[in-house]
Amino acid sequence: MAEQKFLIVMRSGPIPGSSYFIEKDEVFLGRDLTNDLPVPDPEISRRHARFLRRGDAIYLEDLGSTNGTFLNGVRIAGPQQLKDGDLITLAENTVMSFEVKGAATEPLRVSAAKAEPALYTPEAPAQAAYQPVSAPVPQQPIAPSLTPVREKKRMGWFLVVLLILLALVLIVGVVLVFMPASWWCALSFNQLPGCPIN
């Protein structure tokens with residue numbers, strides 16, 4: 001009987017159709033090039049998630065990412081064991097499937113050696129950074145439950161900008177109220193009542 005291999009296939013995202021064997025006990029995944037599986041997507045955290053191999057089982061764990069890791073449409077909070085056919089969604093746009101395969105197929109391997117940092121460079125197109133093993137898989141629609149994440153992010157930025165503007169107005173108001181009379185005279189070119197006449 002062929003040895004079981006654990007495979008991650010990117011279904012949608014920056015490099016659809018790419019495949020990776022999980023051969024290490026711990027495989028890190030994120031936007032940073034130092035990860036075992038770098039994924040060039042700005043919605044993904046620098047170190048977003050990891051796969052843990054424990055015997056004949058693979059677990060998925062979110063590493064406190066900003067936009068979350070979802071297993072079959074449900075956001076995970078702790079390590080979750082993966083089953084053949086599970087869908088993994090990172091942030092909003094990157095969807096991967098988990099598959100258990102025999103040793104016959106040969107996708108790009110993540111082995112004990114670190115992935116080379118030169119796999120992806122901003123100057124090169126994203127497709128050139130990876131070696132897809134199989135033909136590109138049609139993109140699957142993103143789970144509808146993920147859309148509120150982007151709305152929360154927009155609302156957060158709006159509130160930050162609003163608070164900064166209010167703080168600036170408050171600072172300018174305090175400076176104007178407590179500004180010495182000589183400054184008022186200088187700003188009005190000595191036209192205010194009580195200003196010295198030159």
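Predicted model: local features only at pLDDT ≥ 70, side-chain atom pairs only at ≥ 80, totals over all residues.
Me: Which residue forms a salt bridge with Arg11?

Reply: A salt bridge needs a side-chain nitrogen of Lys or Arg within 4 Å of a carboxyl oxygen of Asp or Glu. Here the closest N and O atoms are 2.5 Å apart. The pair links distant parts of the chain, 88 residues apart, with Arg11 in strand β1 (residues 5-12) and its partner in strand β11 (residues 94-101). That partner, buried at a relative accessible area of 12%, is Glu99.

Me: Which residue meets Lys24 in a salt bridge?

Reply: Lys24 sits in the loop between β2 (19-22) and β3 (26-30), and its partner lies twelve residues apart from it, in the loop between β3 and β4. Lys24 is buried, with a relative accessible area of 18%. The two side chains meet at 2.9 Å, N to O, and the partner, buried at 3%, is Asp36.

Me: In what order do the strands of the open sheet stand?

Reply: Strands are DSSP runs (E, at least two residues), and helices are too (H or I, at least four), all numbered from the N terminus. Two strands pair if DSSP finds at least two bridges between them. The edges are β4 (37-38) and β9 (80-81), each with a single partner strand, so one side of each is left without a neighbour in the sheet. With mixed pairing, the five strands have the order β4-β3-β5-β6-β9.

Me: How many bridges pair β5 with β6?

Reply: Strand β5 covers residues 49-54 and strand β6 residues 57-62. Across the pair, Arg53 stands opposite Ile58, and Arg50 opposite Glu61. In their hairpin, which has two residues between the strands, Gly55 takes a positive phi near 65°.

Me: Which residues are linked with Arg50 in a network of salt bridges?

Reply: Glu26 and Arg50 meet in a salt bridge at 2.2 Å, N to O. Glu26 lies in strand β3 and Arg50 in strand β5, so this pair ties together parts that are 24 residues apart in sequence. Arg50 also has a side-chain polar contact of 2.6 Å with Glu61, a polar contact being a pair of N or O atoms within 3.5 Å, where within protein one must be able to donate a hydrogen and the other to accept it, and residues adjacent in sequence count only if both atoms are side-chain atoms. The residues linked with Arg50 in the network are Glu26 and Glu61.

Me: What is the area of the nonpolar surface patch that includes Val161?

Reply: Patches join residues with over 30% relative accessible area and no salt bridge, with like charges joined within 9 Å and nonpolar side chains (Val, Leu, Ile, Met, Phe, Trp, Tyr) within 5 Å. Accessible areas come from the Shrake-Rupley method with a 1.4 Å probe, and for residues only the protein chains shown count as cover. Val161 lies in helix α1 (residues 147-177) and counts as partly exposed at 45% relative accessibility. Together with Trp157, Val160, Ile164, Leu165 and Leu168, it makes a patch of about 600 Å².

Conventions
Residues numbered from 1 in each chain as written. Heavy atoms only, no water. Buried < 20%, exposed > 50% of the residue type's maximum accessible area, 1.4 Å probe, protein only.
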